[in-house]
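Reader: Please take a close look at one part of this model, the helix packing and the spaces beside it. Keep it brisk.

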Amino acid sequence: MTGRAGLLPVLAEVFREHGYEGASLALISQATGLGKGSLYNLFPGGKAEMAACVLAEIDAWFEANLYAPLREADPPAEAVSAMFDAVEAYFRSGRRVCLVGVVALGSERERFAEAVQSYFARWVAALADALKRSGRDDAASVALAEEVVAQIQGAIVLTRALGEPALFTRAMTALRARVAAI
């Protein structure tokens, strides 16, 4: 495995599994197959730069696969449905923890505050925009978007805590119905 881009998925999984603080250079080295010197050659800023690059890659994926379609796709109801499909695929039906959520809850929250805040704020804003374009009023759209994102994040945590992926699927089905019913 060579190059920064090729390492980012591996680094993301190390951070997901161990958190930022628990992701030691020894664990990162073991997962990537690279020595500390090679890692510092690719990421001179060390673990903080690695995490920032991983968060930027996650941001780019969400921008391309969720935020932009929610803002731009027509009809908006199809974009919202596609968002749920993308969320289920990305989080592997709740089997994959949200790394941005892990960072938001960890001791490194302040270090990556801008990336974390942007991720959640842009998701809520893009979903609210799609809901508004579906004919809902502004306040109801924002409230529903916040509820949906919060429940998705909660479903990820609960699914992981209970080891029950079907819970995530049930939560997504309920959220789809809730959004469609309004």
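**Helix packing and the spaces beside it**

The axes of α4 and α7 come within 8 Å and cross at roughly 10°. Axes here are lines fitted to C-alpha atoms, for helices over the stretch in contact, and angles run from 0 to 180 degrees between N-to-C directions. Helices (H or I, at least four residues) are DSSP runs, numbered from the N terminus. α4 and α7 are therefore roughly parallel to each other. Angles under 35 degrees count as roughly parallel, over 145 as roughly antiparallel, 65 to 115 as roughly perpendicular and the rest as oblique.

This is a predicted model: local features need pLDDT of at least 70, side-chain atom pairs count only at pLDDT 80 or more, and totals for chains, interfaces and linings use all residues. Residues are numbered from 1 along each chain as its sequence is written, and side-chain values use heavy atoms, with hydrogens and water left out.

Back to α4 and α7. On the α4 side, the contact (heavy atoms within 4.5 Å) includes Leu55, Ile58, Phe62 and Leu66. From α7 come Tyr119, Trp123 and Leu127, among others. The contact of α4 with α7 has 13 nonpolar, no polar and seven charged residues. In this scheme Ala, Val, Leu, Ile, Met, Phe, Trp, Tyr, Cys and Pro count as nonpolar, Asp, Glu, Lys and Arg as charged, and the others, Gly among them, as polar.

Now the other partner of α7. Helix α7 (residues 113-133) packs on α8 at an angle of about 130°, with the axes 8 Å apart. That makes α7 oblique to α8. Their crossing is right-handed; a crossing is left-handed if the near helix is turned anticlockwise from the far one by less than a right angle, and right-handed if clockwise. α7 brings Tyr119, Phe120, Trp123 and Leu127, among others, to this contact. Val142, Ala145, Val149 and Gln153 are among the α8 residues there. By class, the contact of α7 with α8 has 13 nonpolar, two polar and three charged residues.

Phe120 and Gln153 also line the largest pocket. Its space is about 180 Å³. On a 1 Å grid over the protein atoms alone, a pocket is an open set of points with protein on both sides within 12 Å along at least five of seven lines, a cavity is a set where a 1.4 Å probe fits but cannot get out, and lining residues have an atom within 4 Å of a point. Grid points are joined across faces, edges and corners, and a volume is the space filled by probe spheres set on the points. α6 (99-105) and α8 (138-162) each supply at least two residues of the pocket lining. That lining divides into eight nonpolar, two polar and one charged.

Val102 lines the largest pocket and also the largest cavity. The structure holds one cavity of 30 Å³ or more. About 50 Å³ of space lies in the largest cavity. Leu55, one of the α4 residues that meet α7, is in the cavity lining too. α1 (4-22), α4 (46-72) and α6 each give two or more residues to that lining. Its residues divide into seven nonpolar, one polar and one charged.

Two backbone details remain. The peptide bond from Asp74 to Pro75 is cis, with omega near 5°. Pro75 sits in the loop between α4 and α5 (76-90). Arg92 is not a glycine, yet has a positive phi of about 50°. Its place is the loop between α5 and α6.
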